[in-house]
Amino acid sequence: MDTILHILQHYYDSIKNFFTTRYDLKEYILQIGISLIIGAAAGLGAMGFHTLIEWMRIVINPSHFSRYLEIPSFVMAIVPVIGALMIIGLTRLFPKQASERGVTSVIKSVLLQKIPIPLFTTLFHLIASAVTLGTGAPLGPEGPSAKIGGGFGSYISSLFRLNIRKMTTYTVAGAGAAISAIFNAPIAGVFFGIEVILLNDLKNESLSALVIASVSADMVSKAYLGNVALLQIPKFQVNTHEVLYFILLAIVCGIVALLFMELSHIIKKIYRKIRKQDTIAILLPLSLLFAVAVIFYTDIYGIGYELINKVLAKEFSVNILLILFVLKIIFIALYFQTGAYGGLFAPSLCIGILVGYLFALMLSFFGVTLDPVAYALIGMGGMLAGLNSIPITAILMVFELTNDYRVILPVMLASVISHLTVTYYNKGTIYELELLEEGIDVRKSRINVLESVTVQSIASNNFQIINAKAPLKFAMDKLIEVERLIVVDDNGVYTGILSLNEVRQALLSSDVVELLICQDIVLHVNPCNESDSAAEALRRMDEYGIDFLPVVKENKVTAIVLYRDIISMYNKIIVQIEEKQYGHLGL
Amino acid sequence: MSSLLEFTDTKFIKFLKSKNKYKAIEELADVFKGTDVCSDIKAFINALKEREEIMTTGIGFGIAVPHAKLESVHKIAFAIGISKKGIDFNSIDGNPVHLVVLVAAGERQHKEYLKLLSKIMSVLKNDTIRNEMIQAKSSKDIIEILRTAK
């Protein structure tokens with residue numbers, strides 16, 4: 001009998017395993033399939049975007065156009081102005097879509113909002129970015145590409161009715177895939193997804209989808225563009241004994257990145273002030289200024305790949321290189337912060353090439369002979385890593401762009417040191433700091449979900465006030481009832497708080513109770529406003545070692561927020577996120 | 001809580017001449033002038049007076065404990081004032097005050113402040129100690145009394 005039961009059990013287990021395996025297999029096949037589709041879609045989107053930019057660049061490039069129509073090049077310098085007018089028009093027509101710009105919007109969508117990116121938003125950014133970059137703005141295609149790829153990932157997930165957890169996975173995969181396609185660099189695309197979108201979360205389940213989609217997108221890119229290299233790199237020599245110069249260049253890259261960020265920050269502050277006053281869009285006068293600069297220095301026009309190739313081909317003198325470097329930095333920062341659509345990867349490559357090349361030339365004045373081409377490539381990695389906080393992506397991207405193993409060691413040094421220089425000074429990456437400005441702190445290992453919860457939403461009206469002049473023994477009777485008291489002056493203006501914790505010591509001696517009034521032992525706690533975040537309230541409670549905080553409006557207390565309510569809200573949000581991630585809504 | 005002697009000094013003990021409670025507070029608070037206890041004596045005196053106006057710190061038995069927590073107080077301390085003739089402090093028992101214990105604490109020294117006040121009150125509750133302090137001839141005598149007080 002036992003033997004029969006054993007055999008039956010064996011068959012039951014085998015059948016169960018078979019179905020379980022089949023279910024897993026179905027899951028895996030679907031994941032691979034959808035990743036391939038999303039990769040291909042992101043690749044096609046990126047190629048469409050690339051084609052549109054290239055078409056505009058060739059057709060209306062000031063230097064190209066004047067050759068055919070015999071129009072002086074300075075007339076055609078008006079192209080960036082036309083571009084600016086179109087961008088302003090698009091932004092004013094679709095303000096909602098326009099506000100969700102750049103890589104940080106993809107990060108937010110993936111890590112915080114967990115909601116699909118609408119297809120219209122994706123298409124808007126495709127058009128607006130193509131206009132920006134096609135009319136000569138000195139920005140790069142990667143920010144928009146990530147937005148387009150992530151948007152396609154999100155949209156296709158919604159077509160398949162996938163749950164939020166899977167939608168997030170494929171948004172990341174789409175963003176990385178588009179980067180792979182646009183730079184023809186699949187490994188860099190994968191690491192872009194990890195370093196930028198996932199903020200270095202290597203345990204994230206999006207990884208396999210990201211790899212598959214990147215490969216798929218790169219195949220589309222290679223089929224469309226062929227194996228044409230983005231950069232034409234002449235022969236160069238890397239001498240490993242020049243390690244000290246590599247390190248020095250890395251530090252220079254870090255400092256230049258910091259200066260750029262500082263300039264960018266100043267421009268952003270000014271732009272916000274101007275925008276508040278609702279004056280004419282700053283992009284228009286900026287484009288006029290840019291047009292004037294383009295008349296004298298045509299090479300600052302556009303994304304910068306042509307400039308990179310010209311620098312590497314040794315077409316410029318030191319003086320011209322210095323002027324181009326200054327102009328590039330200023331106009332990139334201006335365009336980036338004043339409403340144009342574009343990213344900082346390609347501009348970083350361009351600035352890096354100029355920094356590295358100038359570094360080698362400058363040192364030659366002191367009798368040090370270095371190969372400027374090699375140092376330009378090292379500078380490219382250093383600047384890409386420093387400015388975008390992506391050391392691994394930078395190493396891989398330079399390797400994939402140069403296809404030369406010799407640059408790996410110096411680029412590794414330059415990328416890591418430049419990145420460390422920037423993060424040491426800034427205490428965070430450029431994306432983390434941008435999100436922090438919006439009140440989202442992602443620098444800790446987990447997202448501080450409480451940053452997006454206002455105290456108003458969890459405040460309680462269950463509090464009692466007491467006059468600061470009231471005897472403590474009177475307050476003690478009230479405290480036994482309510483545990484917490486708000487102390488106010490004769491005009492009802494908030495003074496501080498009293499809780500059982502504060503008076504516990506006074507209870508040790510009844511004579512002390514007789515001696516004191518509330519004012520003597522009030523805790524002058526900095527209250528919070530209704531719009532403050534729960535995270536901020538929690539920080540203040542920790543600072544004072546208390547378990548509640550008054551909420552004030554015009555110096556009058558309107559409510560209190562309790563420590564236990566914040567923790568309860570935190571747990572609730574975490575459960576909601578878990579439910580969204582692991583709920584069986586779709587596949 | 002450490003010994004009371006850690007919070008006072010012979011320099012902080014004064015035989016008071018003033019008969020008015022506000023003048024007595026000013027006279028006694030002046031002992032902190034030029035010390036590391038308080039950097040703004042004027043603000044400290046004002047805080048003590050304002051507090052006194054709200055409710056008397058004359059708790060009876062010939063004792064008053066004026067006190068204030070202030071940003072400019074850097075070190076928690078107390079001063080002792082002896083008035084042989086007595087000061088009208090509007091005490092709760094209506095008797096003149098012979099022993100003024102003035103307590104200074106920093107804005108955030110909440111717990112230490114309450115502990116010190118409790119300790120002072122528990123020592124002054126003892127009739128013998130209280131009378132010995134009022135009868136003391138010098139600052140050193142008062143320090144000695146506090147040293148032996150438990």
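**Helix packing around α16(A)**

Let me start with one pair: α15(A) passes α16(A) in a left-handed crossing, meaning that the near helix is turned anticlockwise from the far one by less than a right angle; clockwise would be right-handed. This is a predicted model, where local features need pLDDT of at least 70, side-chain atom pairs count only at pLDDT 80 or more, and totals for chains, interfaces and linings use all residues. Residues are numbered from 1 along each chain as its sequence is written, chains are lettered from A and ligands numbered from 1 in the order in which they are written, and side-chain values use heavy atoms, with hydrogens and water left out.

Helix α15 of chain A covers residues 318–337, and its axis comes within 10 Å of that of α16(A), crossing at roughly 150 degrees. That makes α15(A) roughly antiparallel to α16(A) (roughly antiparallel is over 145 degrees, roughly parallel under 35). Contact here means heavy atoms within 4.5 Å. Among the residues that meet are A:F325 and A:K328 in α15(A), and A:L358 and A:M362 in α16(A). This contact divides into 16 nonpolar residues, no polar and 1 charged. Ala, Val, Leu, Ile, Met, Phe, Trp, Tyr, Cys and Pro count as nonpolar, Asp, Glu, Lys and Arg as charged, and the others, Gly among them, as polar.

Now the second pair. Helix α14 (residues 305–312) and helix α16 (residues 345–364), both of chain A, pack at about 20 degrees with axes 9 Å apart. α14(A) and α16(A) are therefore roughly parallel. Their crossing is left-handed.

Definitions and conventions
Axes fitted to C-alpha atoms, helices over the stretch in contact; angles between N-to-C directions. Helix = DSSP H or I, 4+ residues; strand = E, 2+ residues; numbered from the N terminus. Parallel < 35°, antiparallel > 145°, perpendicular 65-115°, else oblique.
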